[in-house]
Amino acid sequence: MCGIAAMCGPGASLPLVERMIAAQGHRGPDAQAARLIAPGVVLGHDRLSILDLSDAGRQPMSSASGQTAVVFNGEIYNYLELRTELDEYPFRTGTDTEVLLAAYERWGDACLDRLLGMFAFAIWDARRRRLFLARDRFGVKPLHLHTGADGSLIVASEIKALHAAGVPEDPDPAAWASYLAYGTLDGTSRTFWKDVRALPGGWAGEWTDGTLRTWRWYDLPQRIGTEFDARSESEVREEYEALLEESVRLRFRADVPVGVALSGGLDSSVLIGAIHRVQPVESDVAAFTFVTGDERYDELPWVKAMLARTRHPLVVCRLTPEQVPDLAASVDRAQDGPSGGLPTLAYARLFEEARARGVIVLLDGQGMDEQWAGYDYYARALDSAPPALIQGSADAPLRPDALTPEFRALAEPSAADTPFPDALRNAQYRDLSRSKLPRALRFNDRVSMRASTELREPFLDHRLVELAMRQPTDRKRRGAVGKWMLREIAATLVPDGVVQAPKRPVQTPQREWLKGPLRPWATDRIEQALDSVGGQWLSAPVVRREWAAYLAGASDNSFYVWQWITLGGLDRAARRSTATA
């Protein structure tokens, strides 16, 4: 839902904020507005109407007292329950946005702990002369910052909006070096652009009198402690199932059509099963899945089996090699950083199709692998082996030797947080906070909002994550089998006879297409990287040698190839931005 923008300080400008919201207009095509809230304070908003579709739900929205104003991106799923608690407030709309304002006026910063949802917002508090910023616990919704030399602050959902306000579009070499050498993507305040910071998931901030202060408001290790859950498995299963059903039920709150994105795996089976618990038996919520036409990767047979005894219409969204060049260029621009290869492009097609069919909200199953230790490399954590970056390949995913020595020296390995006494939970926490989840959430937010659709993640309800993370190791993994307790829960949710697709790290023929029908395009993009910014960072002889070896079948991993392809798109995206500025 939506995009937000704000400027505070001497440089605050209504025309600049209008340019910002135009730059990210795909996030909210239903209404765009910017308003001078106070001297030196401008708020802007791109609206994707989800709740209370009337004009009353437009933003920037001021409170009934006139003392606070907000621009808000996301959804507060428990807004009806909070509204009951806030019954003394004179509500004028049916939105969760107004509930957020009322909650802030009643509880101040402590309102954050009461929110169930995904959110990034900026609230101007006239009484305290401050702009209050916050991002949801796991960073489902983005928030980016730029501070000027004069103390001014610029805030936006997407980095391209900051560039539209005049922040130079200069890549951060250290961030790109870390990505190319170590695969580091997201999870910290660093972005891939100079002078642009991300507010990390679970962080808040305030700007007042030209000074910005940020702090962590949600700390998962602190919330759950280091002790394992000592209750019986049956007690835990009962609580988890109840929370799961509530999480899914809350995420169906919308005044627009809601659909579901499916694969053929365990997580999608659990999601469909939970939907059937909270929806009528005749539920006809549309299901969307992507395919590539390669039966080695497509999970269509399992998806069809999953839906065979339901009334859910299935929409199959196909990605073809011919679509990739134009689609990749568009997705590159949407990502504000490296993109995720063919899986991300296929997901982009899915959201395009949903929007074309009038389905504005989609649920998917992100987050189960991290909270229930489903990835195969978690077995290495049980053996106290070094954590793996990329799963599912026998070959090294990176080619740091392809970087020039000067550029490689800028690379910084990702910090390893170890707040737990056991290796498995430390590996899970790394994926939740530093690697897998932040990366997936950026990919998914940008491709969904690119199509002006909203993606909701019921499995990332923090209560579910906290409960799963408290469980001892043998409830998560037994031998080579991950998500052990989740599989037992699934047995009560999934219809008899439904078999999930085997766990696979790759669901698209990226390796084969790059060697085959996409070979000319990939070669062109790699050469484009070498001729532009990548020419200062990459060793052209090494890159060309490794590319030739890949084409000859020397590697089963295409991650590093896509990194170079991304660099080719980076230059083109930058040139387009400069031309339209």
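How many of the 11 residues of helix H15 (residues 423–433) are buried? Nine of them are, so H15 is largely enclosed by the rest of the structure; buried here means under 20% relative accessible area, with exposed over 50% and partly exposed in between (1.4 Å probe, protein chains only). The model behind this is predicted, so to speak of local features takes a pLDDT of at least 70 and side-chain atom pairs count only at pLDDT 80 or more, while totals for chains, interfaces and linings use all residues. Residues are numbered from 1 along each chain as its sequence is written, and side-chain values use heavy atoms, with hydrogens and water left out.

Zooming out, the protein has 23 helices and 17 strands, taken as DSSP runs numbered from the N terminus (helices H or I, at least four residues; strands E, at least two). A compact globule of 581 residues would have a radius of gyration near 25 Å, and the 23 Å found here agrees with that; the value is taken over C-alpha atoms, and the globule rule is 2.2 Å times the number of residues to the power 0.38. Along the principal axes, the C-alpha atoms fill a box of roughly 65 × 55 × 50 Å. Of the 581 residues, 61% are buried. Among contacts (heavy atoms within 4.5 Å) with a separation of 6 or more, 73% link residues 24 or more positions apart.

Back to H15: its buried residues are Leu424, Arg425, Asn426, Ala427, Gln428, Tyr429, Arg430, Asp431 and Leu432. Their cover includes strand E12 along with helices H6 (220–224), H12 (368–371), H13 (378–382), H16 (436–450) and H17 (462–469).

E12 also belongs to an open sheet of six strands, ordered E4-E5-E6-E7-E11-E12 with antiparallel pairing; two strands pair if DSSP finds at least two bridges between them. Strands E4 (61–62) and E12 (211–216) stand at the edges with a single partner strand each, so one side of each is left without a neighbour in the sheet. E12 is joined to E11 (residues 203–208) by six bridges, and the two run antiparallel. In one of these pairings, Gly205 has Thr214 of E12 as its bridge partner.

Ser63 is buried, with a relative accessible area of 3%. Leaving aside residues up to four places away in sequence, Ser63 touches Thr68, Tyr89, Arg92, Leu101 and Glu105.
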